[in-house]
Amino acid sequence: MEQYERVFAAARPPEPSGGLEAAVFARLQAARQARARRQFFGGAGILAASVGALVPAVQFLLSEVAQSGFAEYLNLAFSPNVLIYWQSLSLALLESLPALSGAAVLASIFGLLYSIRNMIISSRAAHLNMRLG
Amino acid sequence: MPTDEELAIAAKALNDDAFAELVRRYLRRVHGFSYRYLLDRAEAEEATQETFVKAWRALHRFDQKRSFATWLFAIARNTALDRLKKKHPIPFAALQSADGEGDMAETLADPEPLPPEALDAANLASRLEAALAGLHPDDRAIIALHYDEHQTFEEIAETLGKPMNTVKSRHRRALGFLRDNLTLHQNGG
């Protein structure tokens, strides 16, 4: 096998051109910028969708709270006799909890925060890339 | 000095300097490996650039229990194969079917040594280049990984995604082919 090693040593692949390293870094830079752009515009899309969804979600939540009697039950939780009927009150609170609209509001808020975080990260990356590039 | 794997983990955590260091460490090796596949300098340079961009994009999938070199050469191999397929749409079906013979690897004899006159010839490098061109690209990769990169057959098997016995048998067959080719050319003039 040593013999073959000597043979293959005689036919090493050619050296890369001097500009290859710079070309690789340029391609990486372009890929980083494209990723930052994608993240920024993706974030902007989610932000717009979250803001758009937040208003109807809050309206839906308010109407569900009004219809379910959740607010009244919640008031009872602060009454002085709460210790006597806390078990039935907890159950009533749980039953009247506007779960669907609450989840919609939470999802919109999380979407909003996530998109803001992503946009900040991608803006920083783009800024850094501009400085380095 | 940090290991390749440590640098890859740092690069995974968005440390661009760590990835730049990996590029510097592997540039020549990936280029040489891509050249073995593509047999064209310009194509190999393009493939090298593409390999590093793909590796950067896929960093989140890098498993730190694996060797970085094996992982990177696997990407380089796929990149080179994609470029080859674009250039030559006909698959290397005849040669690929030889994969099934992997289980015979342990029963195959070691390749015979080259005759001394084949070694001493002044134009050995160019004749070897020509002979290598007659091999299947994956066989050239096995030769490159084993003799240029000093990888074990186990590592090569991981890089190529093939069973180790298949790699061993393809290595032996490739050496046999090269030996025949070099001897033939030597005798032929």
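Start with the salt bridges: over all chains, 18 are counted. A salt bridge here is a side-chain nitrogen of Lys or Arg within 4 Å of a carboxyl oxygen of Asp or Glu. Side chains of opposite charge can pair when their charged atoms come close.

The model is predicted, so local features need pLDDT of at least 70 and side-chain atom pairs count only at pLDDT 80 or more, while totals for chains, interfaces and linings use all residues. Residues are numbered from 1 along each chain as its sequence is written, chains are lettered from A in the order in which they are written, and side-chain values use heavy atoms, with hydrogens and water left out.

**Stop 1: salt bridges inside chain B**

Select B:Glu21 and B:Arg24. Their side chains meet in a salt bridge, 3.9 Å from N to O. The two residues are three apart in helix H2 of chain B, so about one helical turn separates them. Helices are DSSP runs (H or I, at least four residues), and strands are runs of E of at least two; both are numbered from the N terminus. B:Glu21 is partly exposed at 27% relative accessibility, and B:Arg24 is partly exposed at 44%. The cut-offs are under 20% relative accessible area for buried, over 50% for exposed, and partly exposed in between (1.4 Å probe, protein chains only).

Now select B:Asp148 and B:Arg36. They form a salt bridge, with the closest N and O atoms 3.3 Å apart. B:Asp148 lies in helix H8 of chain B and B:Arg36 in helix H2 of chain B, so this pair ties together parts that are 112 residues apart in sequence. Both B:Asp148 and B:Arg36 are buried.

Go on to B:Lys54 and B:Glu50. Here the salt bridge spans 3.8 Å, N to O. The residues are four apart in helix H3 of chain B, so they too are separated by about one helical turn. B:Lys54 is partly exposed, at 27%, whereas B:Glu50 is buried, at 19%.

**Stop 2: B:Thr51**

Stay in helix H3 of chain B, where B:Thr51 sits. B:Thr51 counts as buried, with 0% relative accessibility. Which residues does B:Thr51 touch, not counting residues up to four places away in sequence? Show B:Val30, B:Leu72, B:Ile75, B:Ala76 and B:Thr79. Contact means heavy atoms within 4.5 Å.

**Stop 3: aromatic pairs**

Over all chains, the structure holds nine aromatic pairs. Rings of Phe, Tyr and Trp (its six-membered ring) pair if their centres lie within 6.5 Å; planes under 30 degrees apart count as stacked, over 60 as edge-to-face and the rest as tilted.

Select A:Phe8 and B:Tyr147. Their ring centres are 4.6 Å apart and their planes are at 35°, so the pair is tilted. This pair crosses between chains, from helix H1 (residues 2–10) of chain A to helix H8 of chain B. Both A:Phe8 and B:Tyr147 are buried.

Next, select B:Phe33 and B:Phe73. This aromatic pair is edge-to-face, at 5.0 Å centre to centre and 65° between the planes. B:Phe33 is in helix H2 of chain B and B:Phe73 in helix H4 (residues 68–87) of chain B, so the pair ties together parts 40 residues apart in sequence. B:Phe33 is buried at 2% relative accessible area, and B:Phe73 is buried at 0%.

**Stop 4: between chain B and chain A**

Show both chains. The contact takes 40 residues from chain B and 25 residues from chain A. The buried area is about 3,300 Å², with carbon and sulfur atoms giving 67% of it. Buried area is the accessible area (1.4 Å probe) that two parts lose on being put together, summed over both. Pick out B:Gln49, B:Trp56 and B:Tyr147: they supply 19% of the area that chain B buries against chain A, more than any other three residues.

How many salt bridges are there between chain B and chain A? The count is four. For one, select B:Asp16 and A:Arg32, whose closest N and O atoms are 3.3 Å apart.

Finish by colouring helices H2 (16–38), H3 (41–57), H7 (124–133), H8 (137–148) and H10 (164–188) of chain B, the elements that give two or more residues to the side of chain B that touches chain A. H2(B) gives the most, with 11 residues.
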